[in-house]
Amino acid sequence: MAEPSTIARPYAEAAFQQARQAADLAGWSRMIARLAAGLQDPATKRLLANPALASDKLSLALAEVCGAYSGEQKNFIQLLVDNERLGVASALAEAFETLRNAHEQVLDAHITSAFAMDALQQQSIVDVLKHKYGRNVKVSVDIDDALIGGVVIRIGDELIDASIRGKVSQLADALR
């Protein structure tokens, strides 16, 4: 069976083209993210498991949940329902955001910190990354106390390890 990302990619590309034509990348992004999140809800899962529910009724219910306001968005959801592709909604949302970020020249940075970061600390890191890459940066932050101190920043395939754990590991490798 194909990977969810492989199945989701053509749907993400079609949605992205539709969003660009409508000049509504943000709206489509919100709608797809809500769809992916809504499909994780136990009540939605029970709704999907109901074989008596017609596909058009299901797509209308999903459109309502995820805020699909345009006819194209509702048609897109109907297409996913008809082709039984709701299971790849998370991969679809991720692929759509990747296309959007590339189009808007935005880097997606994931910061893992040893401690909670305030807005000023996050902005400081964003400013450094903007200067380094010459592009806007969108960040998400997680906490991992195993880092002991510092941060680890992942941008695509690049990893910047400025953590105490990383430094200790480098020192241990050097001593071997």
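A: Of the 176 residues in the protein chain, 35% count as buried, meaning under 20% relative accessible area with a 1.4 Å probe and protein chains only, whereas exposed is over 50% and partly exposed lies in between. This is a predicted model, in which local features need pLDDT of at least 70 and side-chain atom pairs count only at pLDDT 80 or more, while totals for chains, interfaces and linings use all residues. Residues are numbered from 1 along each chain as its sequence is written, and side-chain values use heavy atoms, with hydrogens and water left out.

Now to strand 1, residues 106-113. Six of its eight residues are buried, so the strand is mostly covered. Its partner is strand 2 (residues 136-143), and the two run in the parallel sense over eight bridges; strands pair if DSSP finds at least two bridges between them. One of these links joins Thr 112 to its bridge partner Asp 142 in strand 2.

Around this pair, the protein chain has eight helices and four strands, which are DSSP runs numbered from the N terminus (helices H or I, at least four residues; strands E, at least two). Their order along the sequence is α-α-α-α-α-α-β-α-β-β-β-α.

As for overall dimensions, the C-alpha trace spans about 65 × 35 × 30 Å along its principal axes. Among contacts with a separation of 6 or more, 67% come from residues 24 or more positions apart, a contact being heavy atoms within 4.5 Å.
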